[in-house]
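User: I have a chain open here and would like to go through it piece by piece. Can you take my questions as they come?
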Amino acid sequence: MSAQGHAWSRQVKKEDEEEDPLDQLISRSGCAASHYAVQECMAQHQDWRQCQPQVQAFRDCMSAQQARRREELQRLKEQSSAHH
């Protein structure tokens with residue numbers, strides 16, 4: 001009996017396929033390793049409740065990345081207004 005449901009394992013992309021925008025975002029965030037850890041856990045356990053440590057690590061990583069991005073945008077905004 002094969003299990004139907006989410007394909008949590010990472011798919012190998014063909015060279016002519018465009019990368020998914022979400023994958024691009026996660027790669028740029030620096031949180032790809034924790035994202036893949038969540039995917040691997042889900043593939044293994046098929047139960048998100050058993051993957052909470054991985055989910056929390058990914059959440060923490062993305063939150064830190066978003067805070068860095070906000071700080072960067074604020075710095076750029078301040079530099080831009082100082083030049084005008």
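Predicted model: local features only at pLDDT ≥ 70, side-chain atom pairs only at ≥ 80, totals over all residues.

User: Is Gln46 buried or exposed?
Analyst: Exposed. Its relative accessible area is 51%, and the cut-off for exposed is over 50%.

User: Step back a bit. How many helices and strands are there in the chain?
Analyst: The protein chain has three helices and zero strands. Along the sequence the pattern reads α-α-α.

User: And how much of the chain is buried?
Analyst: Buried residues are 21% of the 84 residues.

User: Now the helix pair. At what angle do H2 and H3 pack?
Analyst: About 160 degrees, with the axes 8 Å apart. H2 is therefore roughly antiparallel to H3, since angles over 145 degrees are classed that way.

User: What hand is the crossing of H2 and H3?
Analyst: H2 passes H3 in a left-handed crossing.

User: Which residues meet there, between H2 and H3?
Analyst: On the H2 side they are Ser34, His35, Ala37, Val38 and Cys41. On the H3 side they are Gln54, Val55, Ala57, Phe58 and Cys61.

User: Which residues of H2 are buried?
Analyst: Ala32, Ser34, His35, Tyr36, Val38, Gln39, Cys41 and Met42. What covers these buried residues includes H1 and H3.

User: And in H3, which ones are buried?
Analyst: In H3 they are Val55, Phe58, Met62 and Gln65. They pack against H1, residues 21-29, and H2, residues 32-45.

User: What span should H3 have for its number of residues?
Analyst: H3 covers residues 52-83, so at 1.5 Å a residue its 32 residues should span 46 Å. The end C-alpha atoms are 46 Å apart, which agrees.

User: What about the span of H2?
Analyst: H2 has 14 residues, so it should span 20 Å at 1.5 Å a residue. Its end C-alpha atoms are 20 Å apart, and that agrees too.

User: Go to the other loop. Where is Cys31?
Analyst: Cys31 is in the loop between H1 and H2. It counts as buried because its relative accessibility is 1%, and the cut-off for buried is under 20%.

User: What does Cys31 touch?
Analyst: Setting aside residues up to four places away in sequence, Cys31 touches Ile26, Phe58, Cys61 and Met62. For a C-alpha distance, take Cys31 and Ala57: they are 26 residues apart in sequence and 9.1 Å apart in space.

User: Gly30 is in that loop as well. Is Gly30 buried or exposed?
Analyst: Gly30 does lie in the loop between H1 and H2. Gly30 counts as exposed because its relative accessibility is 61%.

User: How many residues separate Gly30 and Gln65 in sequence?
Analyst: The two are 35 residues apart in sequence, and their C-alpha atoms are 7.7 Å apart in space. Gln65 is one of the buried residues of H3.

User: Which residues is Cys61 in contact with, beyond its sequence neighbours?
Analyst: Leaving out neighbours within four places in sequence, Cys61 is in contact with Gly30, Cys31 and Ser34. Gly30 and Cys31 are in the loop between H1 and H2, and Ser34 is one of the H2 residues that meet H3.

Terms used. Residues numbered from 1 in each chain as written. Heavy atoms only, no water. Helix = DSSP H or I, 4+ residues; strand = E, 2+ residues; numbered from the N terminus. Expected span 1.5 Å × (residues − 1). Buried < 20%, exposed > 50% of the residue type's maximum accessible area, 1.4 Å probe, protein only. Contact = heavy atoms within 4.5 Å. Axes fitted to C-alpha atoms, helices over the stretch in contact; angles between N-to-C directions. Parallel < 35°, antiparallel > 145°, perpendicular 65-115°, else oblique. Left-handed = near helix turned anticlockwise from the far one by under 90°.
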